[in-house]
Amino acid sequence: MDWLRIGAFGLLIFYHIGMVFVPWAYHAKIAHPIEWVTIPMQALNAWRLSLLFVVSGYASRAIFAADPSAGRFAWGRSKRLVPPILFAMVVINPIQPWVELTTQHGYAHDFGYFLAHDYFRIQKISGVSVPTWQHLWFVVYLFVYTLALSVGLLLPTRIRVAIAAGAGRALSGVLLLIVPIALLAANWAWSFPGIAETHALFDDPAAHRLYFPMFLFGFLLRESAPVWAAIRRWWRVAGVLALVAYGIVATVEAAYLKSAIPLDHYFWFGLVRGVQSWTSIVALLGIADRYLNHDAPGRAMLNEAVFPFYIIHQTIIVAVAGALLATPIAPLAEFGILLVATVLGCWLFYRLGRMIVPLRPLIGLRLSSAARRAAS
């Protein structure tokens, strides 16, 4: 699961770089978005965030198993998740809305003025909310889901065991494919045409209906032999279904590059994306279990680096993309510059933050024993 987590966050960097080039809304855009880039982006769009919540739920179960106290679990996760959220909102994220406002909404002030006069006023400027947690919404939601789970963990052990056993039976065998896909289809049909995810926490039911169950599935997965047995039995079938579903999604996307997908097509498009989402997750879990269930040099370091990389990567992408707008550079060269700048910037952020003891909890790193002694 560590390798799956590392790979998922690595793909997220490529995805957010891709967002600069597609017509979809994003904080920094090239002058002339490239429609066809949406086709490869759809290969990740349906499942990338759901997989991250599954992996996070799995990791949460490992943490709770090491110290099965609901209170200590909630407190430990709060200490790990809340400081980076606040640090990012104050220090890391402000340049993102400034780039968006200056490049897309005609905001005329420089970054210093924006930071001193506008960013911390709790307002919307041309529809852009400030201050903002931006991409750290994922961490905010993970924190809230963790608190909700902690309440459930206060139930007597026998009740928790019964619930887990029932969920395991409901997802055993081929039901692992049928039940979640049916639930995703029902959710889509119920909410269609629905509303977009806001990532603003309190007005985001579409996101919570999807991501909280994924988080709970990950929590169940770590200790559920029936679910793992089903994954090992069905992951190849899931992989084929995921490829077929993506083929349909890509075909529809290609047919409507210049226009919106009609509602009668879009309903079925959404159902197929639901199939793509869940079968991709099952296939990736099976691949990780079959081929990545081993240690290797660099695994521990990369696993530690994931959270700092996540905190800083979008700010680097948006800042560099905003600066490149003023240069007559080809899209392919811009992609290369963004990729190199993001990887190097993330690595530098992680390595420097790792060495500076007071920064470690602010960028998602635990204090080592030596670091704790140095700080005391």
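Helix 1 and helix 13 cross in a left-handed sense, where left-handed means that the near helix is turned anticlockwise from the far one by less than a right angle, and right-handed that the turn is clockwise. The model is predicted, with local features needing pLDDT of at least 70 and side-chain atom pairs counting only at pLDDT 80 or more, while totals for chains, interfaces and linings use all residues. Residues are numbered from 1 along each chain as its sequence is written, and side-chain values use heavy atoms, with hydrogens and water left out.

The helices are DSSP runs numbered from the N terminus (H or I, at least four residues; strands are E, at least two). The axes of helix 1 and helix 13, the latter made of residues 299-324, come within 9 Å and cross at roughly 20°; axes are lines fitted to C-alpha atoms, for helices over the stretch in contact, and angles run from 0 to 180 degrees between N-to-C directions. Helix 1 is therefore roughly parallel to helix 13, given that angles under 35 degrees count as roughly parallel, over 145 as roughly antiparallel, 65 to 115 as roughly perpendicular and the rest as oblique. On the side of helix 1 the contact (heavy atoms within 4.5 Å) includes W3, F9 and L12, and on the side of helix 13 it includes L302, F307 and Y310. The residues of this contact divide into 12 nonpolar, four polar and three charged, where Ala, Val, Leu, Ile, Met, Phe, Trp, Tyr, Cys and Pro count as nonpolar, Asp, Glu, Lys and Arg as charged, and the others, Gly among them, as polar.

A cavity is found on a 1 Å grid over the protein atoms alone, as a set of points where a 1.4 Å probe fits but cannot get out, whereas a pocket is an open set with protein on both sides within 12 Å along at least five of seven lines, and lining residues have an atom within 4 Å of a point. The largest cavity has a volume of about 50 Å³, a volume being the space filled by probe spheres set on the points, which are joined across faces, edges and corners. Its lining consists of A8, L11, L12, Y15, L44, W47, R48 and L51, and by class these are seven nonpolar, no polar and one charged. Helix 1 and helix 3 each supply at least two residues of this lining.

Helix 3 (residues 48-66) in turn packs against helix 10 (residues 205-221) at an angle of about 40°, with the axes 6 Å apart, so helix 3 is oblique to helix 10. The crossing of helix 3 and helix 10 is right-handed. Among the residues that meet are F53, G57 and F64 in helix 3 and M214, F217 and G218 in helix 10, and by class the contact has 13 nonpolar, five polar and one charged residues.

Both helix 3 and helix 10 are among the elements that give two or more residues to the lining of the second largest pocket, whose volume is about 990 Å³. Of its 36 lining residues, I163, A167, L216, F217 and L220 are the closest to its centre. Helix 8 gives the most to this lining, with 10 residues, and by class the lining has 26 nonpolar, five polar and five charged residues.
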